[in-house]
Amino acid sequence: QVQLVESGGGLMQAGASLRLSCADSGRTFSSYTMAWFRQAPGKDREFVAAINWSGSSTHYTDSVQGRFTISRDNAKNTVYLEMNSLKPEDTAVYYCAAGYYSGGFYSGANSLSKYNYWGQGTQVTVSS
């Protein structure tokens, strides 16, 4: 069973950096593609970044490319999201998600429907 718990959110000023963590208490973490999504008030949940089971492949939405870095440590059952040069528009609740799907990493990395397990979310607020 996958149980995801996010941490690391907070209130930051524009331009600052922040690292989110997502830990899984289960035994199958290394089998899953992991991703971060976010949801701003009044908006749909949107894809941010994903990483394949080994960490050899990553995918980002255009708005965070070059500012955010997703990584994972399978020995610690943890996925990270390093966020640099934060902007007010990055303000949202950030969710980590785990998914296992066929067709290759890039076939579903940015699709909500491919992820079976979700954390409870952590708030990130960026002030201007």
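This is a predicted model: local features need pLDDT of at least 70, side-chain atom pairs count only at pLDDT 80 or more; totals for chains, interfaces and linings use all residues.
Let's start with β3 and β8: six bridges join these two strands, and they run antiparallel. One example of a bridge pair is A23, whose partner in β8 is T78. A word on terms: strands here are DSSP runs of E with at least two residues, numbered from the N terminus, and two strands pair if DSSP finds at least two bridges between them.

Residues are numbered from 1 along each chain as its sequence is written, and side-chain values use heavy atoms, with hydrogens and water left out.

Now, which sheet do β3 and β8 belong to? It is an open sheet of four strands in the order β1-β3-β8-β7, with antiparallel pairing. At the edges sit β1 (4–7) and β7, each pairing on one side only. On average, neighbouring strands of this sheet are turned by 15° against each other, direction ignored; the axes behind that angle are lines fitted to C-alpha atoms, and angles run from 0 to 180 degrees between N-to-C directions.

Let's zoom in on S21, which lies in β3, residues 18–24. Is S21 buried or exposed? S21 is buried, because its relative accessible area is 16%; buried means under 20%, exposed over 50%, and partly exposed in between, with a 1.4 Å probe and protein chains only. Leaving out residues up to four places away in sequence, S21 touches V5, E6, S7, W36, T78, V79 and Y80, where contact means heavy atoms within 4.5 Å. S21 and S71 are 50 residues apart in sequence, yet 9.7 Å apart in space, C-alpha to C-alpha.

W36 leads us to the nonpolar core. The largest one has 29 residues, and W36, L81, M83 and Y94 have the most contacts inside it. Such a core is a set of buried Ala, Val, Leu, Ile, Met, Phe, Trp, Tyr and Cys residues joined through side-chain atoms within 4.5 Å. The largest share of this core, four residues, comes from β9. Apart from it lies another core of nine residues, among them A35, A97, Y101 and A109.

Next comes β11. Its covered face has T122, V124 and V126, and its uncovered face has Q123, T125 and S127. In general, side chains in a regular strand alternate between the two faces of the sheet. What does β11 pair with? β2, residues 10–13, pairs with β11 in the parallel sense over four bridges, and M12 has V126 as its bridge partner there. β9 joins β11 through three bridges, running antiparallel, with Y94 partnered by T122.

Last stop: T33 and N52. T33 sits in strand β4 and counts as buried, because its relative accessibility is 10%. Among the residues T33 touches are N52, R72 and F105. N52 itself is in the loop between β5 and β6 (58–60), and it is buried too, with a relative accessible area of 9%. The side chain of N52 reaches the backbone nitrogen of S56 at 2.9 Å, and that of S57 at 2.9 Å.

How values were computed: A polar contact is a pair of N or O atoms within 3.5 Å; within protein, one must be able to donate a hydrogen and the other to accept it, and residues adjacent in sequence count only if both atoms are side-chain atoms.
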